[in-house]
Amino acid sequence: MKLNKLFYGILMGCAMLIGTTACEDDDNNSNGELVLDAPVVTDIVDLTAEVSANVIVSPKDLESGVVRVMAYGFCYSTSPAPTIYQNTVSTYLNDEEVSQPILPNTNGKITAALEDLERGVVYYVRAFATLYPNGVVYSAETQFTVGEPTELDTYKAPGYADSYTDIAGWDQRSQWNLANVHDPTVMKADDGYYYMYQTDASYGNAHTQGGHFHGRRSKDLVNWEYLGGTMMSAPTWIVPKMNELRALAGLPAVTQNSEEYGYWAPCVRKVRSGLYRMYYSIIVNNYSMDATRSDASGERAFIGLMETSDPSDNNSWVDKGYVISNATERGLNFYNWSYANCYYKWNAIDPSYIIDKDGKNYLIYGSWHSGIAAVELDPATGKPYTLGNWWGNSNADIASYGKLIATRQMGNRWQASEGPEVVYNPATGYYYLFLAYDNLEVAYNTRVARSTNIYGPYVGIDGKDITTSGGDLYPIVTHPYKFNKGFGWVGISHCAIFDDGSGNWYYASQGRLPVNVGGNEFSNYIMMGHVRSIRWTSDGWPLVMPERYGAVPQLPITQDELIGKWEHIDLGYSFDTQKTSSNMTLAADGKVTNGTWKDSSWSYDADKQILTIDGVELYLQRETDWEATPRRHTIVYAGYSGINTYWGKKSK
């Protein structure tokens with residue numbers, strides 16, 4: 001057991017100052033001036049217990065301020081009625097360290113941690129205060145026992161660093177784990193591994209030595225083995241296909257240096273046992289219009305396809321060639337290019353591949369230009385059944401390139417949305433369309449809509465139809481954020497949504513550190529792969545948990561564990577802004593005593609693990625506290641109220 005030496009010194013000083021009467025036992029919990037409630041023991045984690053007690057000063061003394069408290073604390077023992085001559089711990093009043101002597105002018109709460117406890121032993125604990133000149137006041141005692149260890153007691157949080165600049169180089173790639181991840185796509189294969197692939201991006205462009213569409217794999221979604229590139233050189237079909245399409249528009253043939261290609265946003269799926277497909281984006285710069293002009297700008301985008309029967313062999317991916325490219329209605333002024341009047345109706349990047357509930361295959365794609373399109377694929381080839389001339393006179397001419405399923409601004413080529421991901425959840429009967437909004441450096445955030453049909457209409461949580469009417473989509477699923485400790489994360493979007501086959505769903509994306517973290521002016525280019533758990537609301541909306549997945553054992557959450565201090569974030573949309581947390585306290589009497597919902601009531605449905613505050617349902621999960629030092633497990637929540645999204649985590 002632990003005897004706090006500093007606190008012992010305070011007690012000895014008390015004895016010398018006011019005589020032996022100051023340390024006489026007083027088994028009452030009041031001296032007429034000050035009352036101590038019996039301690040409440042919560043959060044018994046491993047061999048440590050959190051303990052708190054209310055301090056109540058009489059009304060007359062609150063007004064006059066005559067109560068002189070020399071020290072607050074808790075004493076505990078394996079025998080009833082512990083005293084200050086046994087084990088004691090220093091404490092805090094209303095989260096502030098107590099300086100001696102103090103003149104309390106308010107009621108409050110003292111808290112402390114009892115450490116180095118033993119299992120299976122009954123402990124007795126009392127709160128106390130030493131007063132001048134009226135001796136020691138004790139509370140009534142509380143007893144508790146530290147039970148046998150659970151999986152939570154032995155839990156070890158992930159230890160890898162989030163700021164990985166010292167291992168960012170190609171020579172350190174075996175240590176990357178989830179370092180250098182951008183636009184991830186994830187699937188679970190027959191061998192039990194989760195496979196992740198990504199856009200060609202890394203801190204300092206370290207990846208360029210190792211091919212394209214780099215992969216890694218994991219059995220537990222926490223520890224990842226880096227595999228390297230799946231495409232070692234550019235596909236040979238790119239330039240011939242580009243010139244074939246240019247010829248249809250009456251443009252001359254060109255050559256292109258493959259070193260100038262952009263390799264973006266793959267999507268990987270298991271088609272069936274023994275067959276896996278990866279759709280990928282390749283961008284060719286400066287050849288979207290007449291190449292004889294020196295001011296030619298823009299890009300030609302292609303989506304291609306690779307297949308393998310064994311993703312564990314990173315070199316086994318076989319290129320199957322061209323799938324689709326940009327399409328446009330003829331008549332746009334190619335010589336006055338702007339983002340608001342861009343060349344292409346559909347921008348052929350950011351593919352998402354889905355086999356629907358009826359076994360039909362679809363490619364969902366698009367970014368910024370006009371919105372998101374869906375096109376049906378031949379299941380045998382993984383390619384569209386037919387494709388007409390990309391250089392059409394009307395929407396009808398390019399209908400084979402897809403049908404609009406989502407737009408942020410109807411009739412406007414400037415969308416500020418991209419990265420579609422479509423999944424079907426058989427438990428709810430809906431298709432879910434996740435979209436990335438805004439620029440990726442800071443503002444990147446994720447929205448979601450749903451539909452009972454693959455082609456839509458896709459509708460937000462507020463009933464807005466983004467297929468036929470367009471508009472800003474709600475709810476917000478992720479947003480730049482920061483809890484009290486740490487630097488927080490920005491640029492959290494372009495997600496992958498996947499499940500483990502047993503009803504557990506996950507959200508993966510990159511997360512970027514804010515600008516100038518630790519004096520590093522390039523810290524916003526640190527891209528850490530994030531994986532988060534998803535819980536589904538009772539009415540079928542996905543909630544992404546605020547803290548990253550760390551394989552915390554999902555033992556039932558009890559109501560007593562919810563009592564205490566939380567960090568709460570209103571995740572409401574604010575462009576280019578990192579939303580920060582505020583403090584909130586849940587009291588044992590079912591009231592919120594601090595924070596956003598102060599004076600509201602709270603209740604808990606243990607069977608559903610739903611905390612309700614002021615009518616808002618907050619869905620709980622055990623996750624890793626990544627900001628704690630050392631990292632540990634905690635409880636988090638996510639919830640919707642109208643178009644509002646809330647995140648939170650237990651801090652004490």
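Trainee: Let's start with Cys 75: is this residue buried or exposed?

Mentor: Buried means under 20% relative accessible area, exposed over 50%, and partly exposed in between, with a 1.4 Å probe and protein chains only. Cys 75 is buried, at 0%, and Cys 495 is also buried, at 4%. This is a predicted model, where local features need pLDDT of at least 70 and side-chain atom pairs pLDDT 80 or more, while totals for chains, interfaces and linings use all residues. Residues are numbered from 1 along each chain as its sequence is written, and side-chain values use heavy atoms, without hydrogens or water.

Trainee: How many disulfides are there?

Mentor: A disulfide is a pair of cysteine sulfur atoms within 2.5 Å. By that rule the count is zero.

Trainee: Which side chain makes a polar contact with Asp 200?

Mentor: A polar contact is a pair of N or O atoms within 3.5 Å, one able to donate a hydrogen and the other to accept it within protein; sequence neighbours count only if both atoms are side-chain atoms. The partner is His 212, at 2.6 Å. The backbone nitrogen of Phe 213 also lies 2.8 Å from a polar atom of the Asp 200 side chain.
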